[in-house]
Amino acid sequence: MLSCSDDIDDNLQRQNYFAVANRGSNTITYHNSENLTLIGTTTLPDGTQPTYVAYSSERNKIYTGGLENGMLYEINSETFEIERTIEVGLGAFHLWLNDAVDQLWVNNINNTVKTTTVVDLNTFTAEQTINLPNNLNLSADAIQHDVIINPQGNYAYVTILDGADTSYLVQYTTDDFSIVNTFQFGGDGHVGYFNNSLYSLSQNAGEIKQHQPSDLSEMGSISFSGSHGVTASDNYLFAADLPNGRLGVIDTENTIVSTINTNFDATHNLAVNNSGNKLLVSYSGATQTKIELFDITNGELTLNATLDSGTNPFGVAFIQK
């Protein structure tokens with residue numbers, strides 16, 4: 001289902017907008033990055049919840065997962081129409097794509113047999129289904145969570161949550177999907193990439209660790225309470241303190257150069273634009289509707305605008321050609 005405003009053509013010539021997956025509204029909304037006007041809405045069928053959003057500049061397509069029906073949706077970035085779907089697994093959740101390797105990885109969190117699905121973006125087919133590792137002595141509650149692919153496209157990294165105090169970072173090759181290395185860290189783990197390094201974030205341990213991407217060896221550590229959502233520009237790593245309502249900005253020396261308290265609870269998911277001068281933040285929760293856009297100047301964040309995107313805004317992404 002599709003709705004667009006009349007001035008969409010001018011906006012799409014530049015294709016400078018951002019997308020928000022609104023779980024409670026079953027929609028993805030699209031806003032012009034300059035004037036913040038709503039330029040379109042995609043409503044997922046069957047009342048399924050969109051979770052996270054990824055954009056392929058090579059294909060000029062947007063991708064999102066359906067939480068209840070386990071479908072991956074390919075969306076036209078100019079008309080906002082759903083063009084193709086593929087079944088990946090119930091609870092399609094965190095996802096990441098990389099055009100260098102033509103793959104999209106998605107973690108499926110509601111399966112009895114928990115899985116990560118690798119989608120070949122050239123054929124739009126499921127190339128591989130990866131189960132939980134059998135060499136980590138995981139509990140029955142362990143589940144795949146966050147995922148990222150390094151810029152070169154040769155490695156993918158998946159976090160596995162296993163209780164309040166334990167997460168694992170698992171490094172896979174993208175050619176044969178074998179496990180290269182694993183690293184244990186604190187509970188509720190997420191993962192980001194910045195300044196040629198991999199970063200693991202533990203909300204429960206309040207810690208951000210820097211890793212050598214080739215072997216996951218630890219290179220440094222940063223104390224930042226509630227570390228959860230993460231994104232990065234060329235110059236800064238941005239982290240969301242979800243339970244305490246803060247944002248932190250970290251430079252290439254692993255120094256926290258600034259923090260700011262946010263106006264809403266559950267400071268959750270982050271995206272930064274290609275120029276590195278705008279940060280988008282979603283505030284999640286069953287009754288929440290707010291997202292905020294911040295200006296970035298020399299590592300300092302200044303609130304630009306607050307707006308409603310839909311109920312329970314979750315994954316966010318800038319869509320820029």
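Tutor: The largest pocket has a volume of about 1,500 Å³. This is a predicted model, in which local features need pLDDT of at least 70 and side-chain atom pairs count only at pLDDT 80 or more, while totals for chains, interfaces and linings use all residues. Residues are numbered from 1 along each chain as its sequence is written, and side-chain values use heavy atoms, with hydrogens and water left out.

On a 1 Å grid over the protein atoms alone, a pocket is an open set of points where a 1.4 Å probe fits, with protein on both sides within 12 Å along at least five of seven lines; lining residues have an atom within 4 Å of a point. Grid points are joined across faces, edges and corners, and the volume is the space filled by probe spheres set on the points.

Here, 48 residues line the pocket, and Trp 96, Ile 148, Thr 231, Ala 232 and Val 272 lie nearest its centre. Several strands (DSSP runs of E, at least two residues, numbered from the N terminus) give two or more residues to this lining, among them E5 (50–56), E13 (143–149), E17 (189–194) and E29 (313–320). The lining divides into 24 nonpolar, 21 polar and three charged residues. For that count, Ala, Val, Leu, Ile, Met, Phe, Trp, Tyr, Cys and Pro are nonpolar, Asp, Glu, Lys and Arg are charged, and the others, Gly among them, are polar.

Now follow E13. Four strands form an open, antiparallel sheet in the order E13-E14-E15-E16, where two strands pair if DSSP finds at least two bridges between them. E13 and E16 (179–185) are the edge strands, each pairing on one side only. Inside this sheet, seven bridges join E14 (residues 155–161) to E15 (residues 167–173).

Next, return to E5 and E29. Tyr 52 and Phe 314 have ring centres 5.3 Å apart and planes at 70°, so the pair is edge-to-face. Rings of Phe, Tyr and Trp (its six-membered ring) pair if their centres lie within 6.5 Å; planes under 30 degrees apart count as stacked, over 60 as edge-to-face and the rest as tilted. Tyr 52 lies in E5 and Phe 314 in E29, so the pair ties together parts 262 residues apart in sequence. Both residues are buried, meaning under 20% relative accessible area, with exposed over 50% and partly exposed in between (1.4 Å probe, protein chains only).
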